[in-house]
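Visitor: Could you give me a close look at one part of this model, the ligand surroundings, and then link that to the rest of the fold? Please mention the cut-offs as you go.

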Amino acid sequence: MALKDRVPMPQQDPRLRITNFDEVALGYTEEQALAEASRCLQCPNPTCIQGCPVGIDIKSFIAFIQQGKFTQGYYKIKEKNNFPAMTGRVCPQETQCEASCVLAKMGKPIAIGRLERFLADHEMYKPQQIETEKKNHIPVACVGTGPASLAAAADLAKKGYEVHLFEALHLPGGVLSYGIPEFRLPKKIVNHEIMLLSDLDVFIHTDVIVGKTYTLQQLRREFKSIFLGTGAGAPLLLGVPGENLNGIFTANEFLIRVNLMKAYRFPEFDTPIKRGKEVVVVGAGNVAMDAARTAKRLGANVTIVYRRSRAEMPARAEEIEHAEEEGIHMKLLTNPIAFHGKDGWVQSAEVISMELGTPDERGRRRPIPIEGSNHEIPCDQVIVAIGTTPNPILKHSTPDLLVTSHGNIVVDEHYQTNIPGVFAGGDIVTGSATVIEALGAGKRAAIYMDEFIRGA
Ligand code: FAD
Ligand code: SF4
């Protein structure tokens with residue numbers, strides 16, 4: 001019998017969606033979810049589960065969908081993941097659970113992420129059944145409110161601890177709030193999944209920079225254990241001539257202005273943003289795709305410049321496809337070497353063509369400049385999205401804290417730093433990774449924090 005195709009995700013028409021910031025992927029209906037779930041073979045040895053960084057029992061939640069038991073399916077996911085509406089939208093499933101599905105060999109893995117999102121959206125606004133242990137009134141702290149700290153906070157609160165989250169920005173959520181745009185991850189979803197934490201008596205303190213407002217040592221005196229989930233939010237720059245010209249932004253600044261500060265709704269919101277006409281985005285990860293698609297929605301003609309080929313682009317496959325559908329140009333095997341301008345404003349990116357050489361230590365072929373291939377791309381705005389690194393504030397104010405030469409916090413196999421009782425996880429430990437990996441680290445650290453406090 002021929003294997004049925006995956007049920008496509010309904011989505012906004014590309015011509016319409018480049019004129020708004022509404023969500024692109026619209027989510028399955030019940031009928032579509034049942035049809036997609038019916039493709040699952042319910043394998044005796046479900047390989048999909050091994051592909052999930054937090055070990056969600058994928059086979060069982062899909063079985064519940066097959067039976068129309070959506071509530072049970074939702075709680076099956078929540079056994080391992082408190083934030084399925086977010087991960088169902090942003091996880092790189094094609095390299096994780098879906099890559100491990102037996103049907104991936106035939107090119108038609110079950111659309112696990114879409115089914116996860118379906119259940120989360122179906123059940124999210126209903127009263128939640130959360131099992132918690134008796135309150136023990138022991139105070140613990142999580143620094144940062146990205147997925148790593150949120151996951152740690154949720155699990156510690158369920159174990160009965162009094163959890164305090166400290167966030168440097170004025171809103172919680174980390175990259176989920178300030179980085180990933182509304183058209184991929186609506187903020188009402190982020191806010192709702194964070195709001196569910198308050199039902200667990202988690203206290204969120206915003207506008208608190210740990211390392212400035214309070215030192216880590218001060219917090220350590222107040223709290224029995226601390227989790228550091230401060231992410232890797234400081235942008236990297238190209239370091240080429242002309243990078244300081246006006247009109248050149250880091251993706252961080254650009255996305256924070258537009259997403260968190262709602263610059264796309266200026267003057268209704270106070271934050272202005274430059275609306276470029278010809279925009280060059282440097283990089284090809286999720287951040288670059290988000291910046292390019294955001295600039296497109298602000299009215300620009302956008303070109304992504306990337307030094308390797310399409311096969312090496314690190315962004316989620318769906319984001320690359322969506323960017324192409326939206327008319328974003330891809331100038332591959334090309335790298336900026338300088339920016340030129342007039343009266344202080346950028347006017348062009350000088351780029352050089354590249355070819356791919358032997359693989360590097362991560363297995364990706366090295367880009368090599370082709371001598372004499374320099375040429376210019378006219379532009380009035382450039383957005384640099386080539387990666388991020390940890391913010392050094394915490395390290396500067398805590399000289400004892402052990403970090404790597406890149407500034408990432410060093411932890412042992414129990415997520416504990418070299419300071420007893422202080423744990424860490426997420427991007428601050430691994431460098432830029434994924435939402436689900438950060439969630440997984442937060443959850444595992446919570447187990448060890450509990451053991452530490454109980455003296456186990
Ligand atoms: P973060 O989410 O970075 O949160 C850290 C929080 O700590 C921030 O809120 C920060 O303000 C706060 N903080 C920092 N220092 C302090 C301090 N000293 N005191 C108090 N608070 C502090 N991953 C995916 O899986 N799928 C995607 O589609 C995807 N898209 C992305 C798009 C963009 C634009 C970006 C930037 C990243 C994307 N990622 C994606 C990566 C993913 O978002 C991160 O891996 C994940 O958010 C890391 O979580 P975290 O909790 O470690 O840190
Ligand atoms: Fe279903 Fe694929 Fe998991 Fe098998 S591996 S149980 S087909 S999702």
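Guide: Let's start with ligand 1: it has 34 residues around it, and V90, E167, R184, V210 and D427 come nearest (a residue is near when one of its heavy atoms lies within 4 Å). Before going on, note that this is a predicted model, where local features need pLDDT of at least 70, side-chain atom pairs count only at pLDDT 80 or more, and totals for chains, interfaces and linings use all residues. Residues are numbered from 1 along each chain as its sequence is written, chains are lettered from A and ligands numbered from 1 in the order in which they are written, and side-chain values use heavy atoms, with hydrogens and water left out.

By class, the ligand 1 shell holds 18 nonpolar, 11 polar and five charged residues (Ala, Val, Leu, Ile, Met, Phe, Trp, Tyr, Cys and Pro count as nonpolar, Asp, Glu, Lys and Arg as charged, the others, Gly among them, as polar). V210 puts a backbone N or O atom 2.8 Å from a nitrogen atom of ligand 1. A polar backbone atom of A148 sits 2.9 Å from a ligand 1 oxygen, and for A433 the distance from a polar backbone atom to a ligand 1 oxygen is 3.2 Å. On its own, ligand 1 has 1,000 Å² of accessible area, and the protein covers 93% of that (Shrake-Rupley, 1.4 Å probe). The elements giving two or more residues to this shell are α8 (147–158), α13 (286–297) and α17 (435–453), with the largest share, three residues, coming from α13. Helices here are DSSP runs of H or I with at least four residues, strands are E runs of at least two, and both are numbered from the N terminus.

Ligand 2 sits among C40, L41, C43, T47, C48, C101, V102 and I110. That shell counts seven nonpolar residues and one polar, with no charged ones.

On to the sheets, where two strands pair if DSSP finds at least two bridges between them. One open sheet has five strands in the order β3-β2-β1-β4-β16, paired in parallel. Its edges are β3 (202–205) and β16 (422–424), each pairing on one side only, and the strand-to-strand twist averages 20° (axes are lines fitted to C-alpha atoms, for helices over the stretch in contact, with angles from 0 to 180 degrees between N-to-C directions). At one end, β4 (residues 226–228) meets β16 over three parallel bridges, and I226 has V422 as its bridge partner there.

Another open five-stranded sheet, also with parallel pairing, runs β6-β14-β7-β8-β9. Here β6 (248–250) and β9 (329–331) stand at the edges with a single partner strand each, so one side of each has no neighbour in the sheet. The twist averages 25° from one strand to the next. Three bridges tie β6 to β14 (residues 381–384) in parallel, with F249 opposite I383. Across β6 and β14 lies helix α12 (residues 251–260), at about 80° to β6; contact here means heavy atoms within 4.5 Å.

Last up is a hairpin. Strands β10 (residues 334–342) and β11 (residues 345–359) run antiparallel over eight bridges, with F339 facing A349. Two residues separate the strands, and D343 takes a positive phi near 50° in this hairpin.

Terms used. A polar contact is a pair of N or O atoms within 3.5 Å; within protein, one must be able to donate a hydrogen and the other to accept it, and residues adjacent in sequence count only if both atoms are side-chain atoms.
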